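This report looks at aromatic side chains and the contacts of their rings. The sequence and the structure come first.

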Amino acid sequence: MVPAEVLGILSTHALHCCRVPRGWVHTGRVAPSDRVQLTFALKQQNVDRLRELLGLVSNPDSPQYGKFLTLEEVTSLVHPSDLTHKVVWGWLQSHGVAACHTVLTQDFLQCDTTAQVAETLLPGSEFHRYRKGRRSVVRSPARYSVHADLAQHLDFVGGVHRFPTEMQTVSRAWTNGARHEAKFHLGVTPVVLRSRYNLTAADVGSAENNSQAVAQFLEQFYHPADLAEFMAIFGSGFKHMSQVARVVGTQGGGKAGLEASLDVEYIMSTGANISTWVFTNPGDSGAGCRHLTKGTNAFRPSFPASSPYVTTVGGTSFKNPFQVTYEVTDYISGGGFSNIFPMPDYQLAAVSAYLKGTTLPPKTYFNTSGRAYPDIAALSDNYWVVSNRVPIPWVSGTSASTPVVGGMLSLINDQRFLKGLPSLGFLNPRLYQLKGQALFDVTEGCHLSCLDDQVEGKGFCAAPSWDPVTGWGTPNYPSLLATLLDK
């Protein structure tokens, strides 16, 4: 339902451009015959009805709660109209574009064509090649337009402006930051996580029809040997699986990626003994910062974390880095308010209370009516990860906290299946109804933002109840399990 590349409304007058992110080096214009991949998002039907149904199946107070639609039912509801298919396909074929793939819902077309044809399809575009390290992409920094008659059948065109997401997971063992005491810390492992969040050795999966998944969309890949070694070192205290059940897509060659290794190892050690799939395809930044004009800044919310249809996970650190203590904000924890998506009804009361009850950055820096995130949090600091057969300490980022929360929700789904209940599905409406019940509230610390005279690098700060740094807090697993098993 939410595009991965939101570029605005397309029309004869809708012009788009973007800045080239820092670190990407321009290497020149591409040749007319060079290949370009474009993704056309066809206008869906009945989106309002789909949004209504999502609310009904996700609201515990609704008679429809847990009665999820099948993919086929969703397809029949939202697939583009015959006219939309005819217009878009006719337009593409008239330019000689035939190498396109679609999906079951028929609302996306990924087409391979030449740069010359792409620039003809999107007047004003001008494709160039950019490099960053070993990665290379073809993008257009120039503005483009799409005729209004066609624009009414398209939501957006991807593969034009947006650059690959930055990979923010770092190992503080290799940095020169001020936290030198970290080298004396044993670090976060599955055993430490189970201790902090009160999981026992018996809290592992056992339902035959349960599974979980990780998506690798940062041109990174995990390595099976790393997973096996990680479990051999850190998984001895609980029943677990040491192999991924299935990889959907093509694993890249070369070295394993640190973030991909982290995701797979920690969802499988938290959601232990549950069948895991990996989907592979070629945000951590605090509040982020967007430079508007000289001397004028605003926070930059990230996507898809700011989508109202995603359960977003923030990050925390132990108050005492040497012990399993209570948690405080990890300064790199992402959070804020969307500039695209309005605030959903399920979080209105919680966010309004935060906005009224705490000291805030200047309101010129953020959109007080936008979707606020994160929703929940977990430890994101000082993890041990095995990557390329080497145990690496002090890896940090919300890419650590997210699979930990995901694994715990998989365990809760496991218990729901054993009781004959459906899976949790979209969690946010129910999570906000809990109002922090079964979670450890995080009330200390702020995250990073713009380094300017007004905010001096400080973004939002944690506060009692919900906040845009750690959401409702971190899971107390047995309490959360009991709460989410009642219906």
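The model is predicted. It holds 14 aromatic pairs. A pair of aromatic rings is described by the distance of the centres and the angle of the planes. Two of the pairs are set out here.

| Pair | Centre to centre | Angle between planes | Class |
|---|---|---|---|
| Trp277 and Phe279 | 6.2 Å | 35° | tilted |
| Phe337 and Phe460 | 5.4 Å | 55° | tilted |

In the pair of Trp277 and Phe279, Trp277 has a relative accessibility of 29% and is therefore partly exposed. Phe279, at 33% relative accessibility, is also classed as partly exposed.

The pair of Phe337 and Phe460 joins distant parts of the chain, 123 residues apart. Phe337 belongs to strand E16 (residues 336–342), and Phe460 belongs to strand E23 (residues 458–461). Phe337 has a relative accessible area of 3%, so Phe337 is buried. Phe460 is buried because its relative accessible area is 1%.

Which rings have an arginine over them? Phe238 has the charged end of Arg194 over its ring, 4.3 Å from the ring centre. Phe440 has Arg196 over its face, at 4.2 Å from the ring centre.

Conventions
Residues numbered from 1 in each chain as written. Predicted model: local features only at pLDDT ≥ 70, side-chain atom pairs only at ≥ 80, totals over all residues. Heavy atoms only, no water. Phe/Tyr/Trp six-rings, centres within 6.5 Å; stacked < 30°, edge-to-face > 60°. Buried < 20%, exposed > 50% of the residue type's maximum accessible area, 1.4 Å probe, protein only. Helix = DSSP H or I, 4+ residues; strand = E, 2+ residues; numbered from the N terminus. Lys NZ or Arg CZ within 6 Å of the ring centre and 35° of its normal.
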